[in-house]
Amino acid sequence: MPNKADIWLAVQRLDRLLFTTREVAAVTNSSISSTTQKLSRLEEKGIIKKIMRGLWALVSDKKFSNLMLVPFLETSGQNYISFLSAMHLHGMISQIPQIITVASTAHSKKINTPIGTYLIHQIEPSFFAGFEWSKNNTYLIATPEKALIDCLYIATKRGQKYSSFPEIELPKGFSKQKAREYIKLICDPRIRALVLEKFERLFLNASI
């Protein structure tokens with residue numbers, strides 16, 4: 001067990017790029033308030049950065065990505081990267097979204113942090129599917145099919161948002177049948193019908 005003063009040693013022992021005050025306090029056997037003060041001193045030295053209340057990151061590490069924050073954004077629900085952010089990561093659109101878009105069972109909200117802005121869209125629990133772990137196993141991301149269907153789903157509930165897309169390039173292996181299976185997970189029959197209509201209309205466009 002490291003000495004209370006060895007806060008940096010405790011951070012290193014956690015061996016993670018994102019960590020909480022509570023985790024460091026447990027390693028050092030210190031109080032939350034004392035640990036917060038010591039972590040703040042490390043931040044003043046530019047060693048770590050406070051991302052949210054009780055959450056810190058080693059942003060200077062080359063392996064760090066602001067996408068890693070997604071699992072920590074909303075503790076009252078589950079989250080995965082989707083919509084335009086996931087479509088860009090899958091190579092479906094070339095334009096880089098300025099905001100990281102996230103699907104969640106928690107309430108919709110925008111979260112501003114020192115490392116990026118995150119827009120959470122609430123989806124119904126039955127529709128919370130169609131995602132996989134990132135290559136480094138640090139966050140969940142929608143499959144190409146689900147990212148597209150998520151966009152169409154929100155378009156029916158949020159007016160003009162995601163109602164039109166830049167030119168879409170479907171990745172190799174994209175399954176229209178799999179996309180239609182995700183549409184079936186939508187409980188509301190009106191929204192389900194609207195999403196299916198939007199999806200089928202997309203494929204009338206020769207560009208995809």
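Two strands pair if DSSP finds at least two bridges between them. The exercises below apply this to a predicted model.

**Exercise 1. The open sheet**

Determine in what order the strands of the three-stranded open sheet lie, and which residue of β3 stands opposite Lys49.

*Solution.* 
Step 1. Strand β2 and strand β3 (residues 55–57) are joined by 3 bridges, and the cut-off for pairing is at least two. The sense of this pairing is antiparallel.
Step 2. Within this pairing, Lys49 stands opposite Ala57 in β3.
Step 3. The order of the sheet is β1-β3-β2, with antiparallel pairing.
Step 4. β1 (18–20) and β2 (49–52) are the edge strands, since each of them pairs on one side only.
Step 5. On average, neighbouring strands of the sheet are turned by 35° against each other, direction ignored.
Step 6. Two helices pack on the sheet. Helix α2 (residues 21–28) touches β1 and β3, and its direction makes about 70° with that of β1. Helix α3 (residues 32–44) touches β1, β2 and β3, and its direction makes about 30° with that of β3.

**Exercise 2. The hairpin**

State how many residues lie between β6 and β7 in their hairpin.

*Solution.* 
Step 1. Strand β6 covers residues 109–113 and strand β7 covers residues 116–122; they pair in the antiparallel sense over 5 bridges.
Step 2. Asn112 stands opposite Thr117 in β7.
Step 3. The hairpin formed by β6 and β7 has 2 residues between the strands.

**Exercise 3. Pro97**

Classify Pro97 as buried, partly exposed or exposed, and name the residues it touches.

*Solution.* 
Step 1. Pro97 is located in the loop between α4 (83–89) and β5 (100–104).
Step 2. The relative accessible area of Pro97 is 24%. Buried requires under 20% and exposed over 50%; Pro97 is therefore partly exposed.
Step 3. Leaving aside residues up to four places away in sequence, Pro97 touches Leu84, Ser85 and His88.

Technical notes
Residues are numbered from 1 along each chain as its sequence is written. This is a predicted model: local features need pLDDT of at least 70, side-chain atom pairs count only at pLDDT 80 or more; totals for chains, interfaces and linings use all residues. Side-chain values use heavy atoms; hydrogens and water are left out. Helices (H or I, at least four residues) and strands (E, at least two) are DSSP runs, numbered from the N terminus. Buried means under 20% relative accessible area, exposed over 50%, partly exposed in between (1.4 Å probe, protein chains only). Contact means heavy atoms within 4.5 Å. Axes are lines fitted to C-alpha atoms, for helices over the stretch in contact, and angles run from 0 to 180 degrees between N-to-C directions.
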